[in-house]
Amino acid sequence: CIVPELFEKSKKLVLAVLDYVEKHNARVAAGSVVFESVTVPVYRAIGISIDYPRCEDGELDGMVHPELQGKDFGELKEGGKLFMTFAGDEKHFYRNEHKVPKDKGSIFVLFVNEAAYYEKK
């Protein structure tokens, strides 16, 4: 689904990048060799997917925790709230439980609550 707020943020980002490239090219064409220093966070996949809580029969038994919803690229810390069951119980993130080795470093979530993941069994 297209989320209007994210669409607008993405559009704004693309336009800012294009403005930057245009200014950079103008400086290069003018003979300026002074470049701006820019940093951007870089994320890499660790090949681990964490499924939603499920009943014994494999049916969905929970949802993304409200405090995690909308937090794509946010850090998921040990013991952080991950899911909430339909009965209201909170499920927390623990590396050992979710098979995330410590050598993977800090964990950042993405694709939080994407509809395509609901049917994973």
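Which side chains meet in a salt bridge at 2.8 Å, N to O? The side chains of Arg54 and Asp51 do so, a salt bridge being a side-chain nitrogen of Lys or Arg within 4 Å of a carboxyl oxygen of Asp or Glu. The structure is a predicted model, in which local features need pLDDT of at least 70 and side-chain atom pairs count only at pLDDT 80 or more, while totals for chains, interfaces and linings use all residues. Residues are numbered from 1 along each chain as its sequence is written, and side-chain values use heavy atoms, with hydrogens and water left out.

Five salt bridges are present in the structure.

Glu5 and Lys9 stand four residues apart in helix α1 (residues 4-29), a separation of about one helical turn. Helices (H or I, at least four residues) and strands (E, at least two) are DSSP runs, numbered from the N terminus. Glu5 is exposed, with a relative accessibility of 52%.

Glu67 and Lys81 also form a salt bridge, their closest N and O atoms lying 3.2 Å apart. Because Glu67 belongs to the loop between β1 (62-64) and β2, and Lys81 to strand β2, this pair ties together parts that are 14 residues apart in sequence. Lys81 is partly exposed, its relative accessible area being 28%. Through salt bridges that share partners, Glu67, Lys81 and Glu90 are joined into one network.

Strand β2 (residues 81-85) also contains Thr85. This residue, Thr85, is buried, with a relative accessible area of 5%. Leaving aside residues up to four places away in sequence, Thr85 touches Asp61, Gly62, Met63 and Lys91, where contact means heavy atoms within 4.5 Å.

On the surface, a nonpolar patch is formed by Leu13, Val17, Tyr20, Val21 and Val38, which together have about 430 Å² of accessible area. Patches consist of residues with over 30% relative accessible area and no salt bridge; like charges are joined within 9 Å, and nonpolar side chains (Val, Leu, Ile, Met, Phe, Trp, Tyr) within 5 Å. Accessible areas come from the Shrake-Rupley method with a 1.4 Å probe, and for residues only the protein chains shown count as cover. Val21 is located in helix α1 and is partly exposed, at 37% relative accessible area.

Technical notes: Buried < 20%, exposed > 50% of the residue type's maximum accessible area, 1.4 Å probe, protein only.
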